[in-house]
Amino acid sequence: MPYGDPMNARVRSEERRAEIVRAALEVIAERGYRGASLAAVAERVGLTQQGLLHHFPTKEALLVAVLKERDQWDAVPDTQWRIDLLASLVEYNAMRPGIIQTFSALLGESVTDGHPARAYFTERYARVRESMAAVLRAEYGDRLPNGLTPERTAPLLVAVMDGLQYQWLLDPESVDMPGAFRDFLSLLGENPETPENPA
């Protein structure tokens, strides 16, 4: 039998990388990116900092891996998104507060100059707005019932989804994130120029 199996070694390395990414998600959720150190992540997985650097040579490389891992969990082909699936995604997010906390912490920090995740989030939001416009067009056509185009509505839809996450993280007992998002979706089909009947 040959000494050392390269295939097994590669599998073990991938498993270790996945373990490090999960630990990094936890540490970033607790401390934010700037407060998260490689030493803290390494300690959580039972490695020295030098051992961690063997898998991720820089903190920025680890951050990129964290962001890519997070995107994989939500990966759905753009052609398969529908309005009702967006509501299901919000319900799903309400069951994984740690992941949402990590994402929100990184998003908040990324608006600062020089943050390594700024380009990622800028590009991600451009993709998401385009994808949401396509979802809205498939549901409503070129104009929503309220008169707005899908392109004008898409940033509002994204803002509601992410804004609700922040409010829910701060006060989950008071903010029904899935319910509030469903309420917003119902507003998309209403014409604001139609006055309500007096009570």
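Mentor: One term before we start. A crossing is right-handed if the near helix is turned clockwise from the far one by less than a right angle, and left-handed if anticlockwise. Also keep in mind that this is a predicted model.

Trainee: Okay. So which way does α7 pass α8?
Mentor: The crossing of α7 past α8 is right-handed.

Trainee: What angle do α7 and α8 pack at?
Mentor: About 115°. Their axes are 8 Å apart. Helix α7 covers residues 118-140, and helix α8 covers residues 150-170.

Trainee: Why give both an angle and a distance?
Mentor: Two packed helices are described by the angle between their axes and the distance between the axes.

Trainee: Which residues in α7 and α8 meet?
Mentor: From α7, look for Y125, V128, R129, M132, A133, L136 and R137. Facing them in α8 are P150, E151, T153, A154, P155, L157, V158 and D162.

Trainee: How many of those are nonpolar, polar or charged?
Mentor: The contact of α7 with α8 has ten nonpolar residues, one polar and four charged.

Trainee: Let's zoom out. How many helices and strands does the protein have?
Mentor: Nine helices and zero strands. Along the sequence the pattern reads α-α-α-α-α-α-α-α-α.

Trainee: What share of the residues is buried?
Mentor: 37% of the 199 residues.

Trainee: What about contacts across the sequence?
Mentor: Take the contacts between residues at least 6 apart in sequence. Of these, 64% join residues at least 24 apart.

Trainee: Back to helix pairs. How do α5 and α9 cross?
Mentor: Their axes cross at roughly 160° and come within 8 Å. Helix α5 spans residues 83-93, and helix α9 spans residues 177-188.

Trainee: What does that angle say about their directions?
Mentor: Angles over 145 degrees count as roughly antiparallel. So α5 and α9 are roughly antiparallel to each other.

Trainee: Is that crossing left-handed or right-handed?
Mentor: Right-handed, as α5 passes α9.

Trainee: Who makes the contact?
Mentor: On the α5 side, I83, L86, A87, V90, E91 and N93. On the α9 side, M177, P178, F181, R182 and L185. By class, the residues of this contact divide into eight nonpolar, one polar and two charged.

Trainee: Now single residues. Where is A117?
Mentor: A117 sits in the loop between α6 (97-110) and α7.

Trainee: Buried or exposed?
Mentor: A117 counts as buried, because its relative accessibility is 0%. The cut-off for buried is under 20%.

Trainee: What does A117 touch?
Mentor: Leaving out neighbours within four places in sequence, A117 is in contact with L63, L67 and S110. L106 is eleven residues away along the chain, and its C-alpha atom lies 7.4 Å from that of A117.

Trainee: And H55?
Mentor: H55 is in helix α3, residues 49-55. At 14% relative accessibility, H55 is buried. Setting aside residues up to four places away in sequence, H55 touches S13, R16, R17 and I20.

Trainee: What is A65 in contact with?
Mentor: V21 and F56, leaving aside neighbours within four places in sequence.

Trainee: Last one: L169. Where is it?
Mentor: In helix α8. L169 is partly exposed, with a relative accessible area of 27%.

How values were computed: Residues numbered from 1 in each chain as written. Predicted model: local features only at pLDDT ≥ 70, side-chain atom pairs only at ≥ 80, totals over all residues. Heavy atoms only, no water. Axes fitted to C-alpha atoms, helices over the stretch in contact; angles between N-to-C directions. Helix = DSSP H or I, 4+ residues; strand = E, 2+ residues; numbered from the N terminus. Parallel < 35°, antiparallel > 145°, perpendicular 65-115°, else oblique. Contact = heavy atoms within 4.5 Å. Nonpolar A, V, L, I, M, F, W, Y, C, P; charged D, E, K, R; others polar. Buried < 20%, exposed > 50% of the residue type's maximum accessible area, 1.4 Å probe, protein only.
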